Amino acid sequence: MLNPQRSLSELPRMATASQVERAVLEDEFNWLLREEVHAVLKQLQDVLKEASRRFSMPSPAPEGQLKQENFILGSSTMDQVKGVLTLQGEALTQADINLKVPKSSSVLHFQFRDDKQWKLQQIQDARNHVIQALQLLSSRDDSYLFKTGAEVNKLMDAVMLQLTRARNRLTTPASMTLSELATSGLMKMFSPPMPGDVMVNFYINLSKLCLTVYQLHTLPPNTTKNFKPAGSSVLHSPGAMFELNSNRFEVSHVHKVECVVPWLNDTLVFFTISLQLCQQLKDKISVFSSFWNYRPF
């Protein structure tokens, strides 16, 4: 049976032990806010500066222009589409495409006009999100003192939002309807001009630069009953239909070719590392917040 007197006599010591533990934890937490948070911010800045540098690799030329890279596209579908794409930062500066026409020995050849280049919006947006993340991090220099865990979490959440958006722009190409693709500025980039029964699309998927070529045939006017326009998609399938300028078309053939862009793969790795660093810091903050419910973390 418990001795009531003994239990009561231990209460002051227990309270003192609790106060000591709380003081130790508070010292550890203050050290985290003062030292470790800034160490993580420095790590994040270093990693994201490397990511940012990948988007703007300089040329060896003294003019300081961005480096031009050539990528050879090959197809697994009987080599019906071949091409060479020239990428300079976020811009396709040249595209040279050969298309074998099915049931024919003829080859169609297209290339960008000399006065044209095509901006890859996905790369541009991803780079802008990285820059915004760096600006958030640089707004808290070494002399800044974080007062609460909530303040650190708020900054980490803001940085993670930018990094997630950057990653999503590279991993999730935009969906388009076929009529949107047919009327896009991309169709006006080529010399000789694209024939009315061929459409192309360029996009980024993860670390790959992708080219899709659609071959079309015109549907006769009496196909109203079976006509069903296709919705938005990254990649449309044969049989997809759309209407443009009172004419109705159906996709007869689809050819997709792609190539790996190594520096895009690097940036995706940097995004993953950065997101992990942010989450690890948030996890450390949460450990302390579970000890002190009375203090706003």
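Residues are numbered from 1 along each chain as its sequence is written, and side-chain values use heavy atoms, with hydrogens and water left out. Because the model is predicted, local features need pLDDT of at least 70 and side-chain atom pairs count only at pLDDT 80 or more, while totals for chains, interfaces and linings use all residues.

**Exercise 1.** Find the strands that pair with E2.

Solution. Strands are DSSP runs of E with at least two residues, and helices are runs of H or I with at least four, numbered from the N terminus. Two strands pair if DSSP finds at least two bridges between them.
- Step 1: E1 (residues 68-73) pairs with E2 in the antiparallel sense over six bridges; phenylalanine 71 has leucine 85 of E2 as its bridge partner.
- Step 2: E2 is also joined to E3 (residues 91-100), antiparallel, by eight bridges. Here glycine 83 is partnered with isoleucine 97 of E3.
- Step 3: two residues lie between the strands in the hairpin of E2 and E3, where glycine 89 takes a positive phi near 65 degrees.

**Exercise 2.** State how far E2 is covered.

Solution. Buried means under 20% relative accessible area, exposed over 50% and partly exposed in between, with a 1.4 Å probe and protein chains only. In E2 (residues 81-88), six of the eight residues are buried.

**Exercise 3.** Give the strand order of the open sheet and name its edges.

Solution. 
- Step 1: the four strands stand in the order E7-E8-E10-E9, with antiparallel pairing.
- Step 2: E7 (198-205) and E9 (241-244) are the edge strands, each pairing on one side only.
- Step 3: eight bridges link E7 with E8 (residues 208-218); tyrosine 203 has cysteine 210 of E8 as bridge partner.

**Exercise 4.** Describe the cavity and the pockets.

Solution. On a 1 Å grid over the protein atoms alone, a cavity is a set of points where a 1.4 Å probe fits but cannot get out; a pocket is an open set with protein on both sides within 12 Å along at least five of seven lines, and lining residues have an atom within 4 Å of a point. Grid points are joined across faces, edges and corners, and a volume is the space filled by probe spheres set on the points.
- Step 1: there is one cavity of 30 Å³ or more. The largest cavity has a volume of about 40 Å³, and its lining includes Met176, Asn201 and His236.
- Step 2: the largest pocket has a volume of about 290 Å³. Among the residues closest to its centre are Trp118 and Phe202, and E7 gives the largest share of the lining, three residues.
- Step 3: the second largest pocket holds about 160 Å³; E7 and E9 each supply at least two of its lining residues.
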